Amino acid sequence: MPVNPDLSVDLFNCKLKNPTILASGILGTTRDLLKTVSLNGAGAVTIKSISKEPRYGHPNPTVLSFGPGLINAVGYSNPGIEKASEEFCELDQVGCPVIGSLIGTTAEEFIYVASIMDKMGFAALEVPLSCPHTPGYGKMGNQDNPEEVSRIVTAICSASTKPLFVKLPPLASAGNLIEMALAAKESGAYGITASNTIGPGMLIDIDSAKPYLGFGIGGISGPALKPLAIATVFELYKAVDMPIIGTGGVSTGRDAVEMIMAGATAVGVGTAVLSRGMSAFRDIADEIKEILSLRGANNLSEVRGLAHR
Amino acid sequence: MKDLPRTVKIIKRTVHNNDNVTLHLDAHISYSPGQFLMIWLPGLNEKPFSIAGHDSDGVMVTVRRRGAFSGRLVELKEGSLIGIRGPYGRPFKLVGNCCIIAGGIGLACLAPVADLYKDAPILYGEDRASSRIYQERFPSASFYTTDGSAGKKGFPTDDLESVIRERGCDMVYCCGPEPMLVKTVRICNALGVGCQASMERYMKCGTGVCGQCACGQVRVCVEGTVFQGNELLQNPDFGRRRLDASGTWRPV
């Protein structure tokens, strides 16, 4: 039985030391915080999404833990690409590959941001086209259909040669998921991140009769999302030959192996930072290693897609 | 873990002056000095506030009018409902032979420490006399005003070194505007006296996931708000810059 399974993952011309990737929107506000996440064992990290102009996002509450997960409506607050390009410089200091997440509402905005990010030290880019709670973006910007995916991916790839991941919604909320993934691939995307939060969701405080979230509706992540995300990755793996960052409710090594058996190349970790703290990345990696070891697997490719066989 | 705001009633208001009100909440919360609550006004916003103490009825928070949210909070009547979640944050480590130094509404954060150590000297400064809080709660506090309208003209840090030397303090507890924190931490460091300071940053989640309160490599809401002086001296953002709601750096 192998004592020390190899957890490394080859992805976007990098070797990740393990498959855990900090999901966009969690902690990715500054380079120094990314450094902390890297020191806590992440294989790679994703910055919080950046738009052309600064955005202040939705009023608080923006992120709430409701039991089986988080509900959030942050609304893409970010300092804009000009400030972000100052913040996310000298990224080799982070200690692991950094993925640059970008958002936009028009092809021009995507091209503008992507052309600047192309010159930054990101190992790859990611574009979420599936946010359920921000007017102008994702679902509320009508970006979650194959035509828009194609148009946006084409725009970004015209401005950047970096490998591009397209972040898609869970299958449960997107009947056209496979068509979107195929459109992404045909237009030059490198991989898929699946899935984004599911939504819109809402929770209401019965005393005030008001929604808890400042924006009213939000996206749901964490354990509540996990089965939906696993099914999404499973279907994508069958239909599209692209690397998949399996994201949604991964908080233990067992969750991660489940995601990888569904077909994920690597796993996004977000909400687990709340349930397990900063050490979630190292803890999940250690647990994956233990599971592989018990299975007698030497590396992740021996379990990847196993649920399909 | 379910951690949604829960509704509590304001059972009493103590009006200190035009801009400062203590809200006594119908909420018995197990907290440690230095911790904070996220206070939610449905449909408006949610912001962090230090727990300013407790009595047999429950905990209290002291609110200073600064913007739209705090402006609304200070106007709320007895019987009004607000949402709270928490307590959050790393509290003060308690050391008895201490000195307390506060600037402005920072005194609210330190009040539970002062309640515990009644003999501890309190150095407390405000811009002007009319902003003073807790005059009856801490009548022996040494009071300073920037404009000299009451107490001693100047800053509480002016006398910190002499108080530490006279009393032989083991620990200084500090909360207030960041330049004052910087000064306090430096004085304590030079004298070889322990120091713990509570910091303020813009917060969203309050629970360590959103990254909005980043300060150097730490999150103020989880690794803070209370930090040891030596941690702060090594933090590149301490006394320098803070993230605003968009994630843009601003000078402190």
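I count a residue as buried under 20% relative accessible area, as exposed over 50%, and as partly exposed in between, using a 1.4 Å probe and protein chains only. This is a predicted model, in which local features need pLDDT of at least 70 and side-chain atom pairs count only at pLDDT 80 or more, while totals for chains, interfaces and linings use all residues. Residues are numbered from 1 along each chain as its sequence is written, chains are lettered from A and ligands numbered from 1 in the order in which they are written, and side-chain values use heavy atoms, with hydrogens and water left out.

**Chain B as a whole**

I began with burial and found that 58% of the 252 residues of chain B count as buried. I then looked up the secondary structure, taking helices (H or I, at least four residues) and strands (E, at least two) as DSSP runs numbered from the N terminus, and chain B has five helices and 18 strands. Its radius of gyration is 17 Å, close to the 18 Å that the globule rule gives for 252 residues, so chain B is as compact as a globular protein of that length; the radius is taken over C-alpha atoms, and the rule is 2.2 Å times the number of residues to the power 0.38. The C-alpha trace of chain B spans about 50 × 40 × 30 Å along its principal axes.

**An annotated span**

For residues 3–94 of chain B, UniProt lists "domain: FAD-binding FR-type" in an unreviewed entry; such positions are given in the numbering used here, feature names are shortened, and annotations may be inferred rather than shown by experiment. I noted that this span is 9% helix and 52% strand, and that its end C-alpha atoms lie 27 Å apart.

I looked at B:Cys210 in the loop between β13 and β14 (214–215) of chain B, where it is buried with a relative accessible area of 6%. Taking contact as heavy atoms within 4.5 Å, and not counting residues up to four places away in sequence, I found that B:Cys210 touches residues including A:Gly25, A:Leu27 and B:Lys204. B:Cys213 is found in the loop between β13 and β14 too, and it is buried, with a relative accessible area of 4%.
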